[in-house]
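Subject: Structure handover

Hello,

Here is the structure I said I would pass on. My notes on it follow below.

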Amino acid sequence: GARSELRSLISNLVDNALRYAPSGTEVTVKVTAQPDGILLCVVDAGPGIPRPEREAVFERFRRASGDDTPGSGLGLAIAKAVVERHGGHIWLEDARPGAASPGVAACIVLPAD
C-alpha cells in the first residue's frame, strides 16, 4: 500500500481514540492476520458512537450528535477513503458492549497482497 496514506489512516484512528478516551484509560491497537487479509482495530474506552450514527460519521464534517470534542469531523472520512483506495473495509463497533461507556473499536480489513 501507499505508505504515507496508511500512516495517515492509522494516525487518524489513533488520534480519534486518544481524543475520546478518558484520562487514565488505554488505547489499544491490535493487528491480526486473517484469512481475508490484515485486521487492524484501534480500541478506546470513550463514550462510544450510537449505532444509528456509525455510518454517518464517515461522511466529511459529520460528527456524532452531542459531540463537542475539538476536531473538524474529517478523520474518519479520510480513514474510509484510504481504506477503500486499498481495497479494504472499515467499520465501527462497541469496544465494550453493554458498558455505560462502550468505547469504540474502529476496525479495518485490508487485503494481504
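Strand β4 is covered on both faces: Ala105, Cys107 and Val109 are buried on one side, and Ala106, Ile108 and Leu110 on the other. That makes six of six residues in β4 buried. Please keep in mind that this is a predicted model.

β4 has pairing partners in β2 and β3. Strand β2 (residues 37–43) runs antiparallel to β4 and is joined to it by six bridges; in this pairing Val43 has Ala105 as its bridge partner. β3 is also antiparallel to β4, with five bridges between them. Opposite Val109 of β4 stands His89.

On the helices: α1 (residues 3–20) and α2 (residues 75–85) have axes that come within 9 Å and cross at roughly 145°. The crossing is left-handed. From α1, the residues in contact are Glu5, Leu6, Ser8, Leu9, Asn12, Leu13 and Asn16, and they meet Gly75, Leu76, Ile78, Ala79, Val82, Val83 and Arg85 of α2. Sorted by class, this contact has eight nonpolar, four polar and two charged residues.

Which residues of α2 are buried? They are Gly75, Leu76, Ala77, Ala79, Val82 and Val83. Their cover includes α1 as well as the strands β3 (89–93) and β4 (105–110). After α2 comes Gly87, which has a positive phi near 75°.

Regards

How values were computed:
Residues numbered from 1 in each chain as written. Predicted model: local features only at pLDDT ≥ 70, side-chain atom pairs only at ≥ 80, totals over all residues. Heavy atoms only, no water. Axes fitted to C-alpha atoms, helices over the stretch in contact; angles between N-to-C directions. Helix = DSSP H or I, 4+ residues; strand = E, 2+ residues; numbered from the N terminus. Left-handed = near helix turned anticlockwise from the far one by under 90°. Contact = heavy atoms within 4.5 Å. Nonpolar A, V, L, I, M, F, W, Y, C, P; charged D, E, K, R; others polar. Buried < 20%, exposed > 50% of the residue type's maximum accessible area, 1.4 Å probe, protein only. Pairing = 2+ DSSP bridges.
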